[in-house]
Amino acid sequence: MSTFVLEIGTEELPARFLSNVEKELADRFTAGLKEAGYTFSLLDTCATPRRSVVIVEGLEDTQPVREELVMGPPARIAFDAEGNPTKAAQGFAKTLGIDVSALGRAQTEKGEYLSGMKKTGGVPTLDVLAGLCPAIIAALPFAKRMRWGDGEFAFARPIRWVLALLGDVVVPFEVGKVASGRVTQGHRVLGPGPFTIKTAGDYVPTIVKEGAVQLKAAERRAYIVSEGNRIAEAVNGKIIWIDGLLDEVQGLVECPVPLLGDFDPSFLELPREVLLTSMQEHQKSFGVEDASGNLMPHFLTVLNLHPKDLSLVKKGWERVLRARLEDGRFFWKTDLEATFDEWLEALDAVTFLAPLGSMGEKTRRISALCRWLAAKVQQDPEQAARAGRLSKADLVSAMVGEFDTLQGIMGGIYARKKGETEAVAAALAEQYLPSGPDSPVPA
């Protein structure tokens, strides 16, 4: 029994591609090996930004031989009057790789037919994998593919190396003008390599210890969470973990190094949603809150290396985030000086759909509909109508122009700041709910 390892080394893949690459490699290699008649004790896949890996343990060195009963031509045409085999019988025997004398006869509903045992397999596993690997690599689906150099082969990102070993032997094939071999690369900075792998069993220890690469996505994620929680506790805070962002961040690094940064407490005057959105969308960082749920002037980011001067890197991240937060503060103050009347007037110049007029006209229709609905359910029609009229006003605000995911949310915040009733503010903030299967519904 042998171990097989395949590593497709590429330029950095987008984080959103990694989980699908792992699944597709697992599904396609499982199906391909089983179709070829193999059993195995383990098939595992993993992906980092620079490599996609398949590891199969317990493979036989030769493809298992299978026998299958195959029906041939009718017996009446397989032999002539003297009992000699015709070309039909000879051709059938040839396709099975056996002598005519080894053919049998089988009685069916349609009469008597020739039959024979067809043997498949017996091919060296090295040859089977040499055909299977390039076919699977070329067929991997991606949302976007690219070509590079003067070649026609397309992949998510340029392929730079391919490692393919069955035991201590290279599985020979070529994909995208890159020939397979036994050489791999490690982390770009912490363990660049190259490393020559003697056997498939040496791959994981080498790439992890010498290459400084954390292969498994679950392990990268778990380390980020545990280390992030640890350093946040040192300032009496806790990280505001966002699952989607956490999945993205672990997919951006091969060696995660969580770092806690700080920002000026004066920025806490901004709404919580603005601060968190600025951290998450622009800096791929997480917010920090205290035991009461109040934001603290800290953020957690994840590096892809252990820097020589951590304080210098920390200052760099803080400087970049400060610029983002300064923008947010400028938008916030600009919007607070504006009035809803100004925004409503601006909506008349924003096209909704050509046949349906402007966003201003849309809000007037929404307002009329809300007034009618409120009267039907014994609610205040004036507040409902006001909420409908203001429903899209924040689309022309400076803040939503920068952070479009805050539409509606900022409308509710600005409504409270500008003296609208709580019912109107809540209606504006909740108008896009529910936003998914786990989202709350409007109160």
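Visitor: What makes helix 1 and helix 4 a packed pair, and how is their crossing described?

Guide: In this predicted model, the axes of helix 1 (residues 15-35) and helix 4 (residues 125-139) come within 11 Å and cross at roughly 145 degrees, and the crossing is right-handed.

Visitor: How do you know whether Asn-236 and Lys-284 are buried, partly exposed or exposed?

Guide: The cut-off for exposed is over 50% relative accessible area, and Asn-236, at 66%, therefore counts as exposed. Lys-284 has 28%, which falls between the limits of 20% and 50%, so Lys-284 is partly exposed.

Visitor: What makes the backbone of Asn-236 and of Lys-284 worth a remark?

Guide: Most residues other than glycine have a negative phi. Phi of Asn-236, however, is near 60 degrees, in the loop between helix 6 (217-233) and strand 13 (238-239), and phi of Lys-284 is near 50 degrees, in the loop between helix 8 and strand 15 (286-289). Both values are positive in a residue other than glycine.

Visitor: Which peptide bonds are called cis, and what are their omega values?

Guide: Most peptide bonds are trans. A cis bond joins Gly-193 and Pro-194, with omega about 10 degrees, and Pro-194 is placed in the loop between strand 11 (183-184) and strand 12 (195-196). Another cis bond joins Leu-433 and Pro-434, with omega about -5 degrees, and Pro-434 belongs to the segment after helix 15.

Visitor: Which residues of helix 14 are buried, and what covers them?

Guide: In helix 14 (residues 409-417), the buried residues include Met-410, Gly-411, Gly-412, Ile-413, Tyr-414 and Ala-415. Their cover includes helix 8, helix 9 (310-337), helix 10 (340-347), helix 13 (398-402) and helix 15.

Visitor: What lines the largest pocket, and how do its residues divide by class?

Guide: The largest pocket, with a volume of about 700 Å³, is lined by 24 residues, of which Thr-277, Gln-280, Thr-405, Leu-406 and Ile-409 lie nearest its centre. Helix 8 supplies the largest share of this lining, six residues. By class, the lining of the largest pocket has ten nonpolar, seven polar and seven charged residues.

Visitor: What lines the second largest pocket, and which helix gives the most?

Guide: The second largest pocket has a volume of about 440 Å³, and of its 20 lining residues the closest to the centre are Gln-383, Ala-384, Ala-387, Ala-423 and Ala-427. Helix 15 gives the most, with five residues, and the lining of the second largest pocket divides into 13 nonpolar, five polar and two charged residues.

Notes
Residues are numbered from 1 along each chain as its sequence is written. This is a predicted model: local features need pLDDT of at least 70, side-chain atom pairs count only at pLDDT 80 or more; totals for chains, interfaces and linings use all residues. Side-chain values use heavy atoms; hydrogens and water are left out. On a 1 Å grid over the protein atoms alone, a cavity is a set of points where a 1.4 Å probe fits but cannot get out, and a pocket is an open set with protein on both sides within 12 Å along at least five of seven lines; lining residues have an atom within 4 Å of a point. Grid points are joined across faces, edges and corners, and a volume is the space filled by probe spheres set on the points. Helices (H or I, at least four residues) and strands (E, at least two) are DSSP runs, numbered from the N terminus. Ala, Val, Leu, Ile, Met, Phe, Trp, Tyr, Cys and Pro count as nonpolar, Asp, Glu, Lys and Arg as charged, and the others, Gly among them, as polar. Axes are lines fitted to C-alpha atoms, for helices over the stretch in contact, and angles run from 0 to 180 degrees between N-to-C directions. A crossing is left-handed if the near helix is turned anticlockwise from the far one by less than a right angle, and right-handed if clockwise. Buried means under 20% relative accessible area, exposed over 50%, partly exposed in between (1.4 Å probe, protein chains only). Contact means heavy atoms within 4.5 Å.
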